[in-house]
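Try each one against the structure before reading the answer.

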Amino acid sequence: MNLKLIGEAPVESRYKARSLRREKLCYKRSEPDPHRQIFVQVPATVQGGVMSQIRKSDFSKARIACVGGFLGSGKTTAVIAAAQRLVERGLRICIITNDQGHQLVDTTLVRSRGIHAEEIGGGCFCCRFDEFAIHAQRLVKQHRAQVILAEAVGSCADLAASVYKRLRQYYSEEFVLAPLTVLVDPHRIREMLGSCPEFDESVRYLFGKQLAEADRVVLTKSDLLSDEEIARLRNDCQPLAGNVPVSVMSARNGSGVKEWVEQIMTGQTGERELELDYALYGRAEACLGWLNANIDLISQKEFHATDLGEALMASVQGSCRSVGWSVAHVKIMFVTADGNNWIALTESQGPAVWGGSRQLSPCLEASMIINARVVADPLQLRLLIEECVQKVTNRRDIRTRVRHLESFSPLPPKPTDAFHDSRSSFP
């Protein structure tokens, strides 16, 4: 493919919507010192009858809530929904996103909702804990964050030992910990526990360990399920979750979000730690090809991002299926002067779904961000994505300029501190 890489550039390209260029940070207003014992009255209609008063002295320490879950479990949508609920309560919320690479759809999406987000790339929270702590401290100092929602990369496990335990030991005077939540996609639990799973033993091992360390397990996308399916899937999750209850939620229609927010704000963390085989964990991450791209789209005639996104996703899915590659997660986001929208695919056979509710207006220019996680060699994945992009853009007379393009397989995880069970094995 003759896409020309013209160098690094921020994902917030010149085609970003006006609301993004303003860079609204976290929830702001003129307030006195947050450590004084004052009350902020919040209408009961906003609160849904809960916490009609918020005591600011309760936030002398910022609350950190880590959210884990396998690729495609709906973490970003859920974290944004929780953040918006908390902002309605008058709290200052910031989010930390995370990935093995850089240039995330997630970070752009969070910022477009007016929530300040910082991105930790190049490794999971466990392996970049020092950076995680610095980001958290900066969010409190510079943005007076009262709640920090930290979305871990979907291939991450061992958050309880590698993040939470270290926060307790070294930062207990600065932060209080919310329950560690792990989200589960309904299709993924069926796929992982089925008789013919698409992913190999190491990936299924990683998936199970993510649930095993959770303080709270939440089955997402409940709006797509019947009551009978919900009951069956909760029962399927329980052996992996142990004695932790499995709740249900739909960030899309809001069902269960209020209850999850209450767990974040009032729940306690456990002391669950994993007996984790790091060699097997590393193999799970290494079998995934990772691709992140940021591409400018330019045309002399108007094009529809919706049409382009659906065509590109269909091409990627069909090409992966034809060579026998299992799709873990593919997200494509479009940013235009009219706003942004994104389309996501979380399985090899099922349909892709748009995340936003509105279609973007026809445009002459747009920025496209692609995040793909597929069981494939990273170089071959890159060639496949390049071919698909070239095919769908050429048919629409759209020129492309590549701002950022990377493909790789994650390196073996090596947490920066040894808070692990002696039976854990490191590569």
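**Salt bridges and cavities**

Q: Are Arg188 and Glu191 buried or exposed?
A: The model is predicted. The cut-off for burial is under 20% relative accessible area. Arg188 falls in that class, and Glu191 does too: both are buried.

Q: Where do Arg188 and Glu191 lie?
A: The two residues are 3 positions apart, about one turn of a helix. They form a salt bridge, with the closest N and O atoms 2.8 Å apart. Both partners sit in helix α7, residues 186-193.

Q: Which helices hold Arg190 and Glu229?
A: The side chains of Arg190 and Glu229 meet in a salt bridge, at 3.7 Å from N to O. This pair links distant parts of the chain, 39 residues apart. Arg190 is in helix α7, and Glu229 is in helix α9 (residues 227-241).

Q: Which strands do Asp296 and Arg403 tie together?
A: Asp296 and Arg403 form a salt bridge, 2.6 Å from N to O. The two lie 107 residues apart in sequence, so the bridge ties together separate parts of the chain: strand β11 (residues 289-303) and strand β16 (residues 398-408).

Q: Which residues join Asp296 and Arg403 in one network?
A: Salt bridges that share partners build the network. Besides Asp296 and Arg403, it includes Arg401.

Q: How many salt bridges does a search of the whole structure find?
A: Side chains of opposite charge can pair when their charged atoms come close. The cut-off here is 4 Å between nitrogen and carboxyl oxygen. Across the whole structure, the search finds 13.

Q: What is the volume of the largest cavity?
A: Rolling a probe the size of a water molecule over the atoms shows where empty space is left. The structure holds 3 cavities of 30 Å³ or more. The largest has a volume of about 70 Å³.

Q: How many residues in the lining of the largest cavity are charged?
A: The lining includes Lys165, Arg168, Glu213, Asp215 and Arg272. Ala160, Tyr164 and Leu180 are also among the lining residues. The lining divides into 3 nonpolar and 1 polar, with the charged residues numbering 7.

Conventions
Residues numbered from 1 in each chain as written. Predicted model: local features only at pLDDT ≥ 70, side-chain atom pairs only at ≥ 80, totals over all residues. Heavy atoms only, no water. Helix = DSSP H or I, 4+ residues; strand = E, 2+ residues; numbered from the N terminus. Buried < 20%, exposed > 50% of the residue type's maximum accessible area, 1.4 Å probe, protein only. 1 Å grid on protein atoms, 1.4 Å probe; cavity = no way out; pocket = protein on both sides within 12 Å on 5 of 7 lines; lining within 4 Å. Points joined across faces, edges and corners; volume = space filled by probe spheres on them. Nonpolar A, V, L, I, M, F, W, Y, C, P; charged D, E, K, R; others polar.
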